[in-house]
Amino acid sequence: MSERKKKPEELRSHRWYGVKDLRSFGHRSRTAQMGFHASDYAGKPVIAILNTWSDINPCHTHFKQRVEEVKRGIWQAGGFPVEMPALSLSEPFQKPTTMLYRNLLAMEAEELLRSYPADGVVLMGGCDKTTPALIMGAIEMNLPTIFMPAGPMLRGDYQGAPLGSGSDSWKYWAELRAGNITEQDWSNVENGIARSPGHCMTMGTASTMTSVTEAMGLTLPGAASIPAPDSRHAQMATLTGKRIVDMVWEDLTIDQILTPAAYDNGVVTALALSGSTNAAVHLIAMARRSGYELDLQRFDELARSTPVLANIRPAGQYLMEDFFYAGGLRALLNHLGAAHLDLDTLTVTSQTLGQSIAGARCWNEDVIRPLNKALQSGDSLAVLRGNLAPDGAIIKPPAAEPHLLVHRGPAVVFEDYNDMSDRIDDPDLDIDANSVIVLREAGPQGAPGMPEWGQLPIPKKILATGVRDMLRISDARMSGTSYGACVLHIAPESHVGGPLALVRSGDIIELDVPQRRLNVLISDEEMAARRAAWTPPKPKFKRGYGTLYLKHVGQADTGCDFDFLARGKEEDGDEPEIH
């Protein structure tokens, strides 16, 4: 048992259970109605478990069992577990995109914790947007908080070769469209690519964000790397439940962990993993909730000096299961060391990050590279600016064919996703391998929700010539499992009148990643004339959550958070009183 800084009567839940009044009588009697005796909860920390399980979220199918293991740990440590189902953001199924609902889950998490007698919280997530959403909500309540990551699924399998979710989907889809594999081959890929519970086993958004969360100190050491079906994952769940009880007694709140230095550690970790470009949107939103102005420029500064050490698809060769066997995130962080990380940041263990990774070893230096054998010395992400992206855009250079990182070509513009879907494979489309494919109406408001459409398809007639990469530009995001010379997150987006709305087919677009430039080569006068003639599109929603979203969502460079939530804690720093 750790040193207690709190007394039982100082617990937040005491206001529900310990007061001698009629309302507390109701709380106690209704708890008895559920089969609990006063000795189960009296004077004990009440631990909320926000569980994002659902029947339509394959990444979290094991959460029914894991939540019982978390509860076991809480009971063993002397706490009172209370499972609270929360919105399940299922990346494979939810349309148009889970990103539309990230802020809704963040709001739900915050309000669940505010309105119920929680002294501490276990956040159960992993599938892409679930991780940042839960943390964003928890930041606002500032309780003792620990994250339990879902873990990656096992490797896929196809004809004896490992398959990686997302990355190999795009790869074999292109080969099918090019006529190089059969429908039966495609069916075999479909049946072999996802074969266990857990999130994507490539370095997609899920593994990126859970790894970042660990590097920032919000999980038990090593938690993010464990494959979902591994028995060590179940053990981790129970240890997570035990630890949150001690965190409550220690009064170790989330603001003590998520400092500016911790956010820098998160950015560096995402870069060293050559992780998902989505990390930029999510980390900026999380930092703004904490009251810190993390911006794209900081990502670019850190990217120039952060080496890529994880040889994991789509930028590398291996998968998350290999990463775990090679030593996992602790080994990678140990390789980065004090040269790239602030090792004095606090973690949920009450130890520093440096203490948490001390002694971690790498068992396969082809999977987790040492500094002197990095896959790339830097620039796993680049932030671009110019007359096409005044507020910034991003690209993932390791995922692109190198010859496209400095490129000029004529634009082929698609007005929206449906227009692209209808025309991209038209044999009469005026396009060649030098062209620049442009998609607009794919941003936060335009799509709506900024879907992962950014890995725009290459036309069949060009695939048939052997070409597998072209320069592609949009205000969309792309899956962390995607690859290619894809410029993303253009801000401001086309729907609100950003310069992308003014590009015409045939305009010459210039990309220069080393110089961080993205421009359409037309004059300022021509740009102004086009702007004057531009007509704003109609809003995408007329009612419900969608109208709230469109009214308040920010642009990609500020994290796509709601303007009324992205300002950190309330001015007095206190939680509203619950009566």
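Me: Helices α12 and α16 are oblique to each other. Which angles count as oblique?

Reply: Angles under 35 degrees count as roughly parallel, over 145 as roughly antiparallel, 65 to 115 as roughly perpendicular, and the rest as oblique. The model is predicted, with pLDDT of at least 70 required for local features and 80 or more for side-chain atom pairs, while totals for chains, interfaces and linings use all residues. Residues are numbered from 1 along each chain as its sequence is written, and side-chain values use heavy atoms, without hydrogens and water.

Me: How is the packing of two helices described?

Reply: Two packed helices are described by the angle between their axes and the distance between the axes. Axes are lines fitted to C-alpha atoms, for helices over the stretch in contact, with angles from 0 to 180 degrees between N-to-C directions. Here α12 (residues 260–272) and α16 (residues 328–340) pack at about 120°, and their axes are 11 Å apart. Helices (H or I, at least four residues) and strands (E, at least two) are DSSP runs numbered from the N terminus.

Me: Which residues make the contact between α12 and α16?

Reply: Contact means heavy atoms within 4.5 Å. From α12 come V268, T269 and A272, and from α16 come L329, L332, L333, L336 and H340. These contact residues of α12 and α16 divide into six nonpolar, two polar and no charged; Ala, Val, Leu, Ile, Met, Phe, Trp, Tyr, Cys and Pro count as nonpolar, Asp, Glu, Lys and Arg as charged, and the others, Gly among them, as polar.

Me: In which hand does α4 pass α10?

Reply: A crossing is left-handed if the near helix is turned anticlockwise from the far one by less than a right angle, and right-handed if clockwise. α4 passes α10 in a right-handed crossing, and α12 passes α16 in a right-handed crossing as well. Helix α4 (residues 63–76) packs against α10 at an angle of about 40°, with the axes 7 Å apart, so α4 and α10 are oblique to each other. The α4 side of the contact consists of R66, E69, V70, R72, G73, I74 and Q76, and the α10 side of H233, A234, A237, T238, G241, K242, I244 and V245. By class, the contact of α4 with α10 has six nonpolar, five polar and four charged residues.

Me: In which order do the four strands of the open sheet stand?

Reply: Two strands pair if DSSP finds at least two bridges between them. The order is β2-β1-β3-β4, with parallel pairing. Strands β2 (80–85) and β4 (145–149) stand at the edges with a single partner strand each, so one side of each is left without a neighbour in the sheet. Neighbouring strands of this sheet are turned by 20° against each other on average, direction ignored. Between β1 (residues 46–51) and β3 (residues 120–125) there are five bridges in the parallel sense, and I47 stands opposite G120 in β3. Helix α10 (residues 231–250) lies across β1, β3 and β4, and runs at about 175° to β4.
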